[in-house]
Protein chains: 2
Amino acid sequence: MTKAKHRQEKDAPINEEALRQVIELMFFAYRDFTAEPDAILAEYGFGRAHHRVIYFVGRNPGIAVNQLLDTLKITKQSLARVLRQLVDEGFIEQRTDAFDGRRRLLYLLEKGQRLEQKLTERQARLIARAYEEAGVGAADSFRAVLRCIINSDDRSRVGGDILAREEREG
Amino acid sequence: MTKAKHRQEKDAPINEEALRQVIELMFFAYRDFTAEPDAILAEYGFGRAHHRVIYFVGRNPGIAVNQLLDTLKITKQSLARVLRQLVDEGFIEQRTDAFDGRRRLLYLLEKGQRLEQKLTERQARLIARAYEEAGVGAADSFRAVLRCIINSDDRSRVGGDILAREEREG
DNA sequence: CATATATGTCAACAAGGCTGACATATTTTT
DNA sequence: AAAAATATGTCAGCCTTGTTGACATATATG
């Protein structure tokens, strides 16, 4: 137990040891959070990269390739590889935008929807159980803190709002 | 706004949309949580794998290679690569265990401690700011939920308690 | 018509996971 | 003492998923 640090912030009563613990908790929690999906994806010969694409396309039907790149913050080539597989194997469909023929809008096909649901269900169940175990009211705080950890620019991407966001800001 | 789902669990009042949002929040939050350390590590020619090793060795001075493998849940070879670099470049020291000559106990050297502090400081600051922004009391709930997401087996590893844990359970 | 934009694709590279095999030192068991 | 188990190190090679830079094509826009 180190003695209270000389308050550098105005009056932050935040325990240093507790902060250290959160760093570890984030590591373990994220690993367990992705473990089940990873195992399911492996059966399809997919990885976490495929999961992200399937998830965000499912959440934002009709998202364009560039919007997806902006969201995932990976390079065109990284996306191309996994997207190609997903399209070739019938999980995702690309339709040319009627208003701008250069754009390819992405949609989940039925096969993709089934996989997406399967993956999301597992993760949702894990969170739901954690909420129950952690006690009522913990859910809102949990979400609030997560949201505050996120770069303000990305906060508006949460909630399947990427397409609308583009119209507002882009 | 979908209408309330037919409660499949006993009486779980958990909003499905909220759960979906958490999935996204976890993705963005973890990415931003690791972004700053990643940038610092890159200056040293290191990656996230090095960070994990430095962190857990710093948190558990005298941890053995096997304990580190169990904690990180990676293979010997994956660890060997980054550990070799860290030892060669003077960030980590290996001492033979006096009680069991087969074991190599790991310690941070001064160089390693400095880097560890630098990295931890950034992450702690990010969390601390999020707590302030999210409001008082959010911290405890946040930690509680994270802990509940974690596999019960790993919960006892949080808090720099890996060495003691080994004595208790191993 | 010139330029900018959205996308696709090729080649090559790096980090960090993985496997399996094998060597060595040391401890524990028989 | 011999045998077996344990802890570690190392070699070779593979995969996924990130990276860069270059170039091609279609479409939109000034």
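Reply: Let's start with the DNA side: among the atoms of DNA strand D within 4 Å of the protein, 60% are sugar or phosphate atoms and the rest belong to bases. Keep in mind that this is a predicted model, where local features need pLDDT of at least 70, side-chain atom pairs count only at pLDDT 80 or more, and totals for chains, interfaces and linings use all residues. Residues are numbered from 1 along each chain as its sequence is written, chains are lettered from A and ligands numbered from 1 in the order in which they are written, and side-chain values use heavy atoms, with hydrogens and water left out.

Now the protein side. There are 25 residues around DNA strand D (near means that a heavy atom of the residue lies within 4 Å of the strand). The ones that come nearest are A:Thr75, A:Ser78, A:Arg81, B:Asn66 and B:Lys76. Sorted by class, this surface has 11 charged, 9 polar and 5 nonpolar residues (Asp, Glu, Lys and Arg count as charged; Ala, Val, Leu, Ile, Met, Phe, Trp, Tyr, Cys and Pro as nonpolar; the others, Gly among them, as polar).

With B:Val65, a phosphate oxygen and a polar backbone atom are 3.3 Å apart. As for helices (DSSP runs of H or I, at least four residues, numbered from the N terminus), α2 (48–59) and α4 (76–88) of chain A, plus α3 (65–72) and α4 (76–88) of chain B, each give two or more residues to this surface.

Conventions. Polar contact = N/O pair within 3.5 Å; in protein donor to acceptor, adjacent residues only side chain to side chain.
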